[in-house]
Amino acid sequence: MSDKTMTPDEVVGRLRSGMTLGIGGWGSRRKPMALVRALLRSEITDLTVISYGGPDVGLLAAAGRIRRLVAAFTTLDSIPLEPHFRAARERGAFAMTELDEAMFMWGLHAAANRLPFLPVRAGLGSDVMTVNPELRTVTSPYEDGETFVAVPALRMDAALVHLNRADRLGNGQYLGPDPYFDDLFCEAADTAYVSCEQLVDRFDADTAPQSLLVSRHSVTGVVETPNGAHFTSCAPDHARDEPFQKLYATTPWPAFAERFLSGKSEDDYQQAVRTWHEEQR
């Protein structure tokens, strides 16, 4: 068994322009934001991003790093539509494949099981088929003869996810209310990198097995990033930073990037956030 611990910059050093990158979490919840910020400090671009989108998508879209987005939505939860994503999409900055949430989930399942597609009922009779003319249908070979949408596998070169706890071997634990399909992201990717609020030496024997969401067999690297999901939530470790999220959503991108993303490390970002909060008192 090997120690898989890395730094955010070491993770990004394994990524390349043109990759298909999956990003776990859901909306503005438990996103691997420290890894996304490390990606923004690099020159990597021309990405196909697969995500239940939140500010991860907004940051990468505003910075011009996305070639194609595959998503079911892009939201900040308390702010329904991610504004920097919206601005980039309206100016035609990238192509997009928009899927129903269930179609997206089964695309992850297909990729995790190394299948080319999975048949689903979701999408039939909707405009999902109209706006995605590349989608195909299949007919059941059995007596029912039912027609299904053949949702293609959402295969990824790499996946980034954030969990509450992880050990050095790559086992990851979530402590909040929802797994957000992060295990499927890891299993659907050729390589997967887990950032966590806290690195533990080992999980105790009485650890609830269902909370051990991600297994080491699907993980390439582990990064300890306290508050690394900021400004998204990571329950129960911390809530969403709503005042900062509002600032992000209402500040022109150049000004936001200059103040909070121009540093050389995640520590610089976290210090800039602390300074801003102190100014609000």
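Modeller: The largest pocket holds about 260 Å³ of space. A pocket here is an open set of points on a 1 Å grid over the protein atoms alone, where a 1.4 Å probe fits, with protein on both sides within 12 Å along at least five of seven lines; lining residues have an atom within 4 Å of a point. Grid points are joined across faces, edges and corners, and the volume is the space filled by probe spheres set on the points. This is a predicted model, in which local features need pLDDT of at least 70 and side-chain atom pairs count only at pLDDT 80 or more, while totals for chains, interfaces and linings use all residues. Residues are numbered from 1 along each chain as its sequence is written, and side-chain values use heavy atoms, with hydrogens and water left out.

The lining of the largest pocket has 15 residues, and V70, T97, P152, A153 and L154 lie nearest the centre. At least two lining residues come from each of β2 (47-53), β3 (66-74) and β7 (147-152); strands are DSSP runs of E, at least two residues, and helices runs of H or I, at least four, numbered from the N terminus. By class, the lining has 8 nonpolar, 3 polar and 4 charged residues. Ala, Val, Leu, Ile, Met, Phe, Trp, Tyr, Cys and Pro count as nonpolar, Asp, Glu, Lys and Arg as charged, and the others, Gly among them, as polar.

The second largest pocket holds about 150 Å³. Its lining includes P8, R41, E224 and Q270, and α10 gives the largest share, 3 residues.
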